[in-house]
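Please look through the structure below together with its sequence.

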Amino acid sequence: MWWTAGVHSLDGMTTSQPQTRLERLADLTYRRRWRVVFAWIAVLAATLVVVPQFAGEFGGEFGTPGSESKATADLLEKHFQGSTGETVNVVWEAPAGAREAQGRIDRLLADAQRVDGVEGASPPRYSRDGTIGLVQLRLARESMDIETSSGTRLIELADDASRDGLRVELGGNLIQQAQEGAPPELMGLLAAAIVLLIAFGSVVAAGLPLLVAIFGLGISATLIGIVAALVDTPDFAPAVAGLIGIGVGIDYALLILTRFRAAMLHGADERHALVEAVSTAGRSVIVAGGTVVVSMLGLAFMGVSFLYGVAISASLAVLVVVIASITLLPALLAIAGGRVDRLRIPGLGRSLRTGGGTLATRWSRVVQRRAGVAAAVGAAVLIALTLPVLGLRYGFPDEGNDPDGSSTRAAYELVTRGFGPGSTGPLLIASEETSGLESLAGRVRREEGVSFVTPIRTSPDGEAALFSVMPATSPQDAETADLVDRLREVAGPGVYVGGLTAAFVDQSEYVSGRIPLFIAGVVLLSFLLLLLAFRAPLIALKAGVMNLFSVGAAYGVVALAAEGGWFGSLLGVDTDTPVPPFIPVMMFAVLFGLSMDYEVFLLSRVREEYHRTGETSTAVADGLAKTARVITAAAAIMVVVFLAFIFSTEVFLKLMGVGMATAILVDATIVRMVLVPAVMQLMGRANWWIPRWLDRLLPRLDGEPRRTPTPATAGERG
């Protein structure tokens, strides 16, 4: 394999001719530094200019394969000229009487129906007290396929009408999309820049990882347009891929940059320092990046089409920054050379400028002396963080979970007050057998949990018909899911119960049932990758188990945040919110890969020390000491980047952000500082055990000669 490299210390480089492929790549990059930089600039420019010409539209098939909601959507597509059943709620309040304001509302509706994507309006409904009115604008296409400008125009019309005692609010997915704030990627970059400045204390040193991340973001974000043209790609895929790309790109660049500075500090010239950094830290970057990609592509196990676009987009972002980290960054380091620490900021960067790692060494020794107790306490803390997951409630947030003060939240509250919470999430009952639909509508009206049934609407071709059902409970209530099941029993064959709320119910059941298969597939693939990288089955198994702990703790914190309360309010989640079932899936894919990063960074250095000394206890302490500062800085960057999700207007992105930040924080502290040294101390020489048959079977990826470890010390045998 082209990227393979042995672990070569600076002292071991006795010749000027690099021996491994990564060393040769680093040496070539050093000698052709300007060509490499200009090549990356050319690639970035060409991508930005050419790729948008072939980019597709963001959107996705959110239907669940084989479900009634999917059959309903297909029927609408076939007979109702592509109508999706999606609507925009126009709700108004007039204390003097909603009917009195109908003339102004009619003018608003006339203008609204000229907006692109709007195909018609329902008859008005009025609350019992007569102060609230409701009209639903039917959308001609799925809201994700309609330009955001249409939602913005509708908001402007509502604002213009809201005067002289009349209050107009809008609800629906199209309006939610129009209310989205600044991209969280920008907040993530800003936060990462601050952490880098604090860590390095140098504008040049802090700027290089940011530059790598910006190149990676510019190229991958543009290429995602091609992904959207080939597979279903939801509009939140660029945000997820962008933040992952920024986080891992800065982390990977930070690792290589720190190794380069350490080599320079110990007297290496620029060329040898660069070769050492790429051949050691670069190898860790490739293994870590490969693990992230494997984890993300594991989303294919779910069988949900819109997740394919998310998986490919995030994997593409990671691949681009991995390549940039081992080519563009070395070229920039070759140009900067000894000037990498220029433009210093007084008082910052001391922790990364000092050598040693004595605090981390002392901490590791303390943990190793009480390894059993440390492992038990660390595991207990992670289990305690995981416990709230028992109360995790699957479902989809509705507009009642939108930010306080938003138009969609206000519309939800008005509709709930005037017509009941179910009016915000109507169900659709559709059939190509129109003759018995009137009788069915009568039976549905008498069903418990039904608040209102609309008149039957026949398709333009006369071959299908449908009507809407307003549940008495909100879309996210368990009673609404039960109503969907009962209506399907009442409807019988040939009649479908669908709509957005029913689609959410179907997807929750489908995705939650496939989560075990997905987790098993990702864990197995990651285990195999780590086994190839470290040739130690117990090391690979331990890394997988540790990261399951980290992900479990993240799930627990997400469940706690979703309950609202004081913790949720800090994140802008001020109501009890169900967690969409795809969130745990996406979080697992992202976190299992990213959590492996720090395992790979640490274990690669421990492995180097073990091959040097042949003694596990010392190797663990030295490996922890030599990676403590860089991993701490890298984890801090990843945490602040993921916390940028909380600035999104989407509740599910807020929950993802806090969950992923928690997992990284837990992994860089409890796992890395407590569990890893404790468990490796307890296992001793068994860490590096591998059956001979497996040793012969596995290909050698690192180019190292076979080594015979030195005998274990008495402490290790104990």
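Why is helix 11 largely enclosed by the rest of the structure? Of its 22 residues, 16 are buried, so the rest of the structure largely encloses helix 11. Buried means under 20% relative accessible area, exposed means over 50%, and partly exposed lies in between (1.4 Å probe, protein chains only). Helix 11 covers residues 305-326 and reaches 33 Å from its first C-alpha to its last. That is close to the 32 Å expected at 1.5 Å a residue, where the expected span is 1.5 Å times one less than the number of residues. Helices (H or I, at least four residues) and strands (E, at least two) are DSSP runs, numbered from the N terminus.

Some notes on the source are needed here. This is a predicted model, in which local features need pLDDT of at least 70 and side-chain atom pairs count only at pLDDT 80 or more, while totals for chains, interfaces and linings use all residues. Residues are numbered from 1 along each chain as its sequence is written, and side-chain values use heavy atoms, with hydrogens and water left out.

Now take the whole chain. The protein chain has 26 helices and ten strands. Of its 718 residues, 57% are buried. Contact means heavy atoms within 4.5 Å. Among contacts in the protein chain with a separation of 6 or more, 81% are between residues 24 or more positions apart. The accessible surface comes to about 28,400 Å², and carbon and sulfur atoms hold 60% of it; such areas come from the Shrake-Rupley method with a 1.4 Å probe, and for residues only the protein chains shown count as cover.

What lies inside? In soluble globular proteins, nonpolar side chains tend to be buried together. A nonpolar core is a set of buried Ala, Val, Leu, Ile, Met, Phe, Trp, Tyr and Cys residues joined through side-chain atoms within 4.5 Å. The largest one here has 166 residues, and L307, L333, F582, M587, F642 and M656 have the most contacts inside it. Helix 24 (residues 651-683) gives this core its largest share, 21 residues. Another core lies apart from it, with 25 residues, among them W92, L137, L139 and A161.

F301, L517, L524, L525 and L528 make a nonpolar surface patch of about 430 Å². Patches are made of residues with over 30% relative accessible area and no salt bridge; like charges are joined within 9 Å, and nonpolar side chains (Val, Leu, Ile, Met, Phe, Trp, Tyr) within 5 Å. L548, in helix 20 (residues 537-562), is partly exposed, with a relative accessible area of 37%. Leaving aside residues up to four places away in sequence, L548 touches V523, F588 and F592. The C-alpha atoms of L548 and F592 are 7.3 Å apart, although 44 residues separate the two along the chain.

Salt bridges come next. A salt bridge is a side-chain nitrogen of Lys or Arg within 4 Å of a carboxyl oxygen of Asp or Glu, and the structure holds 15 of them. K70 and D74 form one, with their closest N and O atoms 3.0 Å apart. These two are four residues apart in helix 3 (residues 68-79), so about one helical turn separates them.

Another salt bridge joins R167 and E93 (3.4 Å, N to O). This pair links distant parts of the chain, with R167 in strand 5 and E93 in strand 1 (residues 87-93), 74 residues apart. R167 is partly exposed at 32%, whereas E93 is buried at 16%. Both belong to a network of salt bridges that links E93, R167, E169 and R417.

R535 lies in the loop between helix 19 and helix 20 and D695 in helix 25 (residues 692-697), so the pair ties together parts 160 residues apart in sequence. R535 is buried, at 8% relative accessible area, and D695 is buried at 17%.

The last stop is a loop residue. Most residues other than glycine have a negative phi. D164 has a positive phi, near 55°. D164 sits in the loop between helix 5 (148-161) and strand 5 (167-171), and at 70% relative accessibility D164 counts as exposed.
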